Amino acid sequence: LYIAAGRMGLWVMDADEDPASRPPDVARIDDAPGVNAGNQTSRRWCTDVEFVTVGGTTYLLALFASKDDTKVRVHKLVSARKVINDFPEQTGHELVPWKNIPIGRHPALATCNEGADVSRSFGFSMAIDVIDAGTSYLYIAMGEHGIARLHLTTANLGSPFLWPVPDTQWG
């Protein structure tokens, strides 16, 4: 069971069929601190999780939101599962994500005057639309900034580099 735990980050809990037999194993997968997974200094909230299979690989997507600084952190599901198996009931073994995709602000709202009430973007939730085995769209609710859409493909998720960058479209 994967849990978007707000300020506490992304967690995994072992869902035992007989929970009375023992307490569940729980571990933190990600707290969005940046490059150093052990540095717990994130100001982002993990607000949602989704799963998507693209090009035969299943990914765990975690939405980490902060005002004007929302990111989708992509983990290979096989790596995320290892955290609970190798380090149950612990923190300090968080993963560096496979991909870290910045969402930003809606372009039409990015140039608001400083004297005006500035609209802030914040990622609230995600939904997946599977097109075919190699293509999916990820929709992200961004509050006052509307909906952001990422085009996820085998090419931009399969490579260890974020190239080509998923194209963010706004609506």
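Modeller: In the hairpin of β4 and β5, which has 2 residues between the strands, glycine 55 takes a positive phi near 60°. This is a predicted model, in which local features need pLDDT of at least 70, side-chain atom pairs count only at pLDDT 80 or more, and totals for chains, interfaces and linings use all residues. Residues are numbered from 1 along each chain as its sequence is written, and side-chain values use heavy atoms, with hydrogens and water left out.

Biologist: What makes β4 and β5 a pair of strands?

Modeller: Strands (E, at least two residues) are DSSP runs numbered from the N terminus, and two of them pair if DSSP finds at least two bridges between them. Here 9 bridges join β4 (residues 45-54) to the antiparallel β5 (residues 57-65), so the two strands pair.

Biologist: Why is the pair of phenylalanine 122 and phenylalanine 124 called tilted?

Modeller: Ring centres of Phe, Tyr or Trp (its six-membered ring) must lie within 6.5 Å, and planes under 30 degrees apart count as stacked, over 60 as edge-to-face and the rest as tilted. The centres of phenylalanine 122 and phenylalanine 124 are 5.2 Å apart and their planes are at 55°, so this pair is tilted.

Biologist: Is tyrosine 137 buried or exposed?

Modeller: Buried means under 20% relative accessible area, exposed over 50%, and partly exposed in between (1.4 Å probe, protein chains only). Tyrosine 137 has 18%, so it is buried, whereas tyrosine 139, at 29%, counts as partly exposed.

Note on methods. Helix = DSSP H or I, 4+ residues; strand = E, 2+ residues; numbered from the N terminus.
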